[in-house]
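Subject: The structure we talked about

Hi,

Here is the structure I promised to pass on.

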Amino acid sequence: MTKIQDIIKKSNVAVITGGASGIGLAAAKHFARAGMSVAIADLGGDRLAKAAAELKSISGEEHVLAVETDVAQKESLEALERTVIQRFGRVHILMNNAGIGPVTSIFSAQADWDSLLGVNLLGVINGVRTFGQHMLSHGEPGLIINTGSKQGITTPPGNPAYNVSKAGVKVFTEALEHELRNTEGSKISAHLLIPGFVFTGLTKGDRTEKPAAAWTAEQTVDFMIESLERGDFYILCPDNDVARAVDERRMAWAMGDVIENRPPLSRWHKDYSDKFKAYLERKE
């Protein structure tokens, strides 16, 4: 197994979408401190410029690239790849992290569904399909990290388009890792980042201070790096409110709906909610 120190090191290159804030920027700073050249992609010129300035203060202007990119458009990602390759030559880490979270319902406006699926799901698929083959061909060890969500596994009521997008990221990343590990000569591995409650622009709403229950983006990245060092595929992050054991039971119950032929989303069904609570509280 490739050691993470052989990838996160001086002279190697990381590309992070959604890199101007939150988990993406925290990851970019971590990679920059390790001596990597870093390319961040995002929308919003001012935000992107501010993030680039922070990264340049860590590693120097020659090691930082910031490119406005709409990940929902494959042509935009292809332009990003050309720019990165022209500047840095090759890519060792691709972190498909861009995401949006407008609230939807089944019959929300088509534009809301299109934009959410375009960024959260197609952005990941397009990112891998744009950068992946060149990463395989240069023959050096590398990582593809896709940001998913616990909502893509337990799929709670309230935002079906978001849940669909993140469930798709999980399935796609599993298939990606299977294909990579069965590709002759491949030194690239895929990993699914599953954050807990993280205080970022996507989750903070009107709050100006981090809730006690939330992790910071930096804590999430630290946990991600520790998980990558172990070779984990599923990087299931806790937070200050939900322990891993609780997440595991929630996920197991969700799969139990299929196995036991319960109603879908039975955690929230009036005939099963008490049974779920009892299951969650069991000690064994």
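**What I found**

Helix 6 (residues 160-181) has 22 residues and reaches 32 Å from its first C-alpha to its last, close to the 32 Å expected at 1.5 Å a residue (the expected span is 1.5 Å times one less than the number of residues). Helices (H or I, at least four residues) and strands (E, at least two) are DSSP runs, numbered from the N terminus.

Before going on, please note that this is a predicted model: local features need pLDDT of at least 70, side-chain atom pairs count only at pLDDT 80 or more, and totals for chains, interfaces and linings use all residues. Residues are numbered from 1 along each chain as its sequence is written, and side-chain values use heavy atoms, with hydrogens and water left out.

Back to helix 6: its buried residues include Tyr162, Val169, Thr173, Leu176, Glu177 and Leu180. Buried means under 20% relative accessible area, with exposed over 50% and partly exposed in between (1.4 Å probe, protein chains only). These buried residues pack against helix 4, strand 5, helix 5 (151-154) and strand 6 (188-194).

Strand 6 holds alanine 190, which is buried at a relative accessible area of 1%. Alanine 190 touches Ile144, Thr173, Leu176, Glu177, Leu180 and Phe233, leaving aside residues up to four places away in sequence; contact means heavy atoms within 4.5 Å. Alanine 190 and methionine 95 are 95 residues apart in sequence, and their C-alpha atoms are 9.8 Å apart in space.

Histidine 138 sits in the loop between helix 4 (110-137) and strand 5 (142-147). The residue is buried too, with a relative accessible area of 15%. A polar atom of the histidine 138 side chain lies 3.5 Å from the backbone oxygen of methionine 135. Histidine 138 also touches Arg90, Val91 and His92, again not counting residues up to four places away in sequence.

Elsewhere, strand 2 (residues 37-42) and strand 3 (residues 64-68) pair in the parallel sense over five bridges; strands pair if DSSP finds at least two bridges between them. Alanine 39 has leucine 65 in strand 3 as its bridge partner.

As for the whole protein chain, there are nine helices and seven strands, and 48% of the 284 residues count as buried. The C-alpha trace spans about 60 × 40 × 35 Å along its principal axes.

Best wishes

Definitions and conventions:
A polar contact is a pair of N or O atoms within 3.5 Å; within protein, one must be able to donate a hydrogen and the other to accept it, and residues adjacent in sequence count only if both atoms are side-chain atoms.
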